[in-house]
Amino acid sequence: QRPTEVVRAAYKFAAEHPEILSYVPCFCGCEQSGHRGNEDCFVRARDINGDVIEWEPHGMECAVCLDVAQRSEQLYASGASVSDIRATIEREWQGKSTNHTPTPHAPSK
């Protein structure tokens, strides 16, 4: 488990930054539940404007999901690009888990 403020921050970051977490894989095994990236651990559905209309409860209690989101937020705050965030997360989780979501790569700009 993680402190409430960590959980709250992860959900807020996921809600506000799908352009980051939808391209960052998760490593907890949630791909078996249909998750495609770390964003899916926190957000179940958005409306046409991109606002969250349904939360995914899985992320509330999964330390892996929370750790990936928290680290992604730290990297984003330091100015890292989406591809750099993903590469760092993959490098840091390599060897810790054999599971990962089938996360697409961010489109080239």
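I began at E56, which I found buried at 11% relative accessibility. The model I am reading is a predicted one.

**Entry: the salt bridge of E56**

I looked up the partner of E56 and found a salt bridge between the side chains of R44 and E56, at 3.1 Å from N to O. This pair links distant parts of the chain: R44 belongs to strand β1 (residues 43-46), whereas E56 sits in the loop between β2 (52-55) and α3 (58-61), twelve residues apart. R44 is partly exposed, with a relative accessibility of 45%. I also noted that a network of salt bridges joins R44, E54 and E56.

**Entry: salt bridges within helices**

I recorded a count of seven salt bridges. In helix α1, E16 and K12 are four residues apart, about one turn of the helix, and their closest N and O atoms are 2.9 Å apart in a salt bridge. E16 is partly exposed at 46%, and K12 is partly exposed at 49%.

I then turned to helix α5, where E90 and R86 are likewise four residues apart, about one turn of the helix. Their side chains form a salt bridge at 3.0 Å, N to O. E90 is partly exposed at 31%, but R86 is buried at 8%.

**Entry: other residues of α5**

I examined T88, also in helix α5, and found this residue buried at 12% relative accessibility. The T88 side chain reaches the backbone oxygen of D84 at 2.9 Å. Beyond neighbours within four places in sequence, T88 contacts R71 and L75.

S83 lies in helix α5, and its side chain makes a polar contact with that of S81 at 3.2 Å. I noted that S83 and S108, 25 residues apart in sequence, have C-alpha atoms 9.4 Å apart in space.

**Entry: the nonpolar core**

Which residues touch the most other members of the largest nonpolar core? Among its 24 residues, I found these to be I20, L21, V24, F42 and I89. Helices α1 (4-16), α2 (18-21), α4 (63-77) and α5 (82-93) each supply at least two residues of this core. Apart from residues up to four places away in sequence, I89 touches V24, P25, F27, V68, R71, S72 and L75.

**Entry: cysteines**

I searched the whole structure for disulfides and found zero. C26 is buried, at 0% relative accessibility. For C28, the closest cysteine sulfur is in C30 at 3.7 Å, again too far for a bond. C28 is partly exposed at 25%.

Terms used. Residues are numbered from 1 along each chain as its sequence is written. This is a predicted model: local features need pLDDT of at least 70, side-chain atom pairs count only at pLDDT 80 or more; totals for chains, interfaces and linings use all residues. Side-chain values use heavy atoms; hydrogens and water are left out. A nonpolar core is a set of buried Ala, Val, Leu, Ile, Met, Phe, Trp, Tyr and Cys residues joined through side-chain atoms within 4.5 Å. Buried means under 20% relative accessible area, exposed over 50%, partly exposed in between (1.4 Å probe, protein chains only). Contact means heavy atoms within 4.5 Å. A polar contact is a pair of N or O atoms within 3.5 Å; within protein, one must be able to donate a hydrogen and the other to accept it, and residues adjacent in sequence count only if both atoms are side-chain atoms. A disulfide is a pair of cysteine sulfur atoms within 2.5 Å. A salt bridge is a side-chain nitrogen of Lys or Arg within 4 Å of a carboxyl oxygen of Asp or Glu.
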